[in-house]
Amino acid sequence: MSEAGSSSGSSWQRILITFIFAVVLSIIVISGISDYHVFGAEAPQKVIEGETSLPFWVWPLLLFVVTFVLGIIAVLGGVGGGVLFVPIVGGFFPFNLDFVRGAGLLVALSGALAAGPGLLRRGLADLRLSIPLALIASSSAIVGAMIGLSLPKNVVNILLGLTILAIVVIMFTAKKSEYPQVEKPDSLSQALRIYGIYYEPAKGREIEWKVHRTPLALLLFVVIGVMAGMFGLGAGWANVPVLNLLMGVPLKVAVSTSKFLLSITDTTAAWIYLNSGAIIPMIVVPSIIGIMLGSIIGVRILTVVKPKVIRWIVIGLLTFSGLRALLKGLGIWT
Amino acid sequence: MAKELKPTEEQLAYAVWLDLGMKIGLILLIITFGLYVFEILPPFIPISQLPKVWGLNVHQYLQVTGIQPGWSWLKYLDRGDFLNFLPLAMLAGLTIICFIRILPLYLKKKDYLYGALTILQILVLLLAASGLLRVGGH
């Protein structure tokens, strides 16, 4: 029975990895096809007069397929959809980065909105912890979005590439602490009464938590908010280390609160993109539906795939797309 | 102060409204996208022409298409593409509604500090949504 289960698990893995490989390969091929459009983006008249080499419906369809796979990978790799979406779609699809970042924010926002109710009801995401951090991050995200939409495309690409590569380094080096020790909560967190308790099934008991270093965390959330708004990446990759390692929030609460925080941080930035005209429904809607369906499938196959393999795929994808954005920004690989 | 395992009243209220709004928003998004992609409602930008504009930056895109930024899409809700902005704006506006929902709960508990933070958060969200802060591209 267990052999059958293991064999079924390993065939699932083979299918999944082959599928992911096929999609990665196809987006590399697409990048070649779409070069004309990417170049054309800087010469509007040429684009408007130009003919496309592929039927128009291919791109939204391909976008749906790619975001569906990204949704699966994001769940299995334990990362947010936004952090994969922007560099990969921005690097290999013919859409301008302005629209990709707007779509990325709405993708991350939809995922956070969908996850939020369950996390809040189970007490894993904490509203009291979220409100002060969200206020800082969402205000900063407005500034980030306005900076991102004002900078030249090549500068945004360079900064995006560097950020993605920095995220890869964080993924490699950042440690996690399941139940950090907080000897003495700081006075600000005491004044705000930020502390909590949740039931941990793995331990079969309730875990109490409190936080420290709140003022420094608030400062870091200024930076996180600006980056979330500027690149449309979502910010789970930065939220979790700050909540968990700096403030001493238990890992489960940190991950859940981070997801919920995105629903507030990304909202303000999404409004700036929406009001600036940087939203094209044909890019946004297939992406949201694709990544959500992918996430549902990802959750279902979570038990039969090895997280380590998927983690390496995520790191590989991020490194490749981060380099692509950087080289594109530098004019080396356009 | 004793800690309770059960989430607070305001956290649960937030969750209920978020859940309801998110579900309505996503269902509407799928419906409006169907109306758009099958051209049941004619789009403002013909779908077959999209590849000619989606590579432009926002500034060029607005110039070429003649689309006005901000809330002007409300005038074109009879167009398939602009109709999709309705559920998108709903999803983006959901957080504002949830914060408005929990404000009286904080005030009722005399938790004025979180009441003030909630008011500030609502103001920040309203400012972002207002259209006063937008970028015309580069």
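## Chain B

Of the 138 residues in chain B, 41% are buried, a residue being buried if 20 or more other C-beta atoms, placed from the backbone, lie within 10 Å of its own. The model is predicted, so that local features need pLDDT of at least 70 and side-chain atom pairs count only at pLDDT 80 or more, whereas totals for chains, interfaces and linings use all residues. Residues are numbered from 1 along each chain as its sequence is written, and chains are lettered from A and ligands numbered from 1 in the order in which they are written.

Chain B has five helices and zero strands, helices being DSSP runs of H or I with at least four residues and strands runs of E with at least two, numbered from the N terminus. The C-alpha trace of chain B spans about 60 × 30 × 25 Å along its principal axes.

## Chain A

Chain A holds 14 helices and two strands, and 55% of its 334 residues count as buried. Among its contacts (C-beta atoms, placed from the backbone, within 7 Å) with a separation of 6 or more, 83% involve residues 24 or more positions apart.

## The interface

Between the chains, 57 residues of chain B are in contact with 67 residues of chain A. On the side of chain B that touches chain A, at least two residues each come from α1 (9-37), α2 (58-65), α4 (85-108) and α5 (112-130) of chain B, with α1(B) giving the largest share, twelve residues.

Notes
Contact = placed C-beta atoms within 7 Å. Buried ≥ 20, exposed ≤ 12 C-beta atoms within 10 Å, placed from the backbone.
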